[in-house]
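Please find below some notes for a colleague going through this entry. They are set out as numbered points, to be read alongside the sequence and the coordinates.

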Amino acid sequence: MRFERLGILLLGSMASLIGILAIPNPWIQSVYANEQFNSEAQEVCPTPVLSRLKRHRLATGETVDSIARQYNLIPATLLGMNPILQRQPIAIGEEILIPPHNGIQVEIPPGRRWQEVAKAYHARPDVVFEINGCQTQPTVLFLPGVNWSPKGPPIPALSVLSGYPLPQPTTIQMGYGWQLNPVLGQVVFHSGLDLTATVGTPVLSVGAGKVAFAGEREGYGKLVVVNHGSGKQTRYAHLDNIGVKVGQTVNLGDVLGTVGTTGQPDSEQPHLHFEIRYNSDLGWIAEDPNPYFKVRR
Ligand SMILES: [Zn+2]
């Protein structure tokens, strides 16, 4: 679960076939019906950038520079949108997302306003508002002209998170990032990985840390949150049983609980919803756990 919904409803299968995300008009109208926008605003508002992402499959011989040139973007834009490109060599055959403009994608932390986020990045609010389709309460924003930099999203710290959250590696039911939810028929932002596992499988801490939360939370169901060093946090959701208490110190590989189906999992097949977040001025921001798994020893 933990879909942070941009609010883009679409005919998902169509989108994946075409490779370009598009918004059906009825949705736009229904949203505006609830917001204080006049008809002029509707007419001038473009389709949000994040619903106009193209897909590009990485081919042999390509580099971040060559792909950036192909789409008339700077490499930093591609690197920020696609953490997979931050590793070398690039993963041939994998798909990356191509925005129509240079910029970065940021999540709006719960309880924050998008205006605060735009300000933190020194982005002009009026431009940000329009380019994101005039949404008043977006959960994810595209900030045009802002460059991703290696100092921004932290590089995986092997020393802090070196484990796997289950006794053995398993399949990923749903990945991190923009995903088509077949049940909802929507493309939504998934803030973690859904790792297939049977109910009752032990859930393990991927690093040493302190339990920051252990209990029920809406959507997540039974949830354990562990704060690690270096501003890292991990979340383990939809648990059946919780085996730790808030404030408890845990070590790499310690059992935190067991896999369950509590909360609102995205599929009926039991899985662990696992997130990695990093601490920023804007709160705990979800990042793609895959790079950690790939470099795990
Ligand atoms: Zn999930």
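1. Which residues does Leu78 touch, not counting residues up to four places away in sequence? In this predicted model, Leu78 touches Val64, Ile67, Ala68, Leu73, Leu85 and Ile96.

2. Ile108 deserves a separate look, being placed in the loop between strand 4 (103-107) and helix 6 (114-120). Ile108 counts as buried because it has 21 C-beta neighbours inside 10 Å, where 20 or more are needed. Leaving aside residues up to four places away in sequence, Ile108 touches Trp114, Val117, Pro138, Thr139, Val140 and Leu141. With Val140 the C-alpha to C-alpha distance is 5.5 Å, although Ile108 and Val140 are 32 residues apart in sequence.

3. Cys134, in the loop between helix 7 and strand 5, has a positive phi near 60 degrees; Cys134 counts as partly exposed because it has 19 C-beta neighbours inside 10 Å. His238, by contrast, is found in strand 13 (residues 232-242), and its phi is positive at about 65 degrees although it is not a glycine. His238 is buried, since 27 other C-beta atoms lie within 10 Å.

4. How many residues of strand 16 are buried? Strand 16 (residues 271-280) is mostly covered, with 7 of its 10 residues buried. Strand 16 runs antiparallel to strand 9 (residues 193-196), to which 4 bridges join it, and Asp194 stands opposite His273 in strand 16. Strand 13, the strand that holds His238, is likewise antiparallel to strand 16, through 6 bridges, and here Tyr236 stands opposite Phe274. A further 5 bridges join strand 16 to strand 17 (residues 283-287), again in an antiparallel arrangement, with Asn279 standing opposite Trp284 in strand 17.

5. For the protein chain as a whole, the secondary structure comes to 8 helices and 17 strands, and buried residues make up 39% of its 297 residues. Among contacts between residues at least 6 apart in sequence, 68% join residues at least 24 apart.

6. Confidence should be kept in view when these points are read. The mean pLDDT of the protein chain is 78, and 76% of its residues reach 70 or more. Over residues 1-42, however, the pLDDT is below 50, and this stretch has 85 contacts in the model beyond near neighbours in sequence. Residues 152-158 also have a pLDDT below 50, and that stretch has 8 such contacts beyond near neighbours in sequence.

How values were computed: Residues numbered from 1 in each chain as written. Predicted model: local features only at pLDDT ≥ 70, side-chain atom pairs only at ≥ 80, totals over all residues. Helix = DSSP H or I, 4+ residues; strand = E, 2+ residues; numbered from the N terminus. Buried ≥ 20, exposed ≤ 12 C-beta atoms within 10 Å, placed from the backbone. Contact = placed C-beta atoms within 7 Å. pLDDT = per-residue confidence, 0-100. Pairing = 2+ DSSP bridges.
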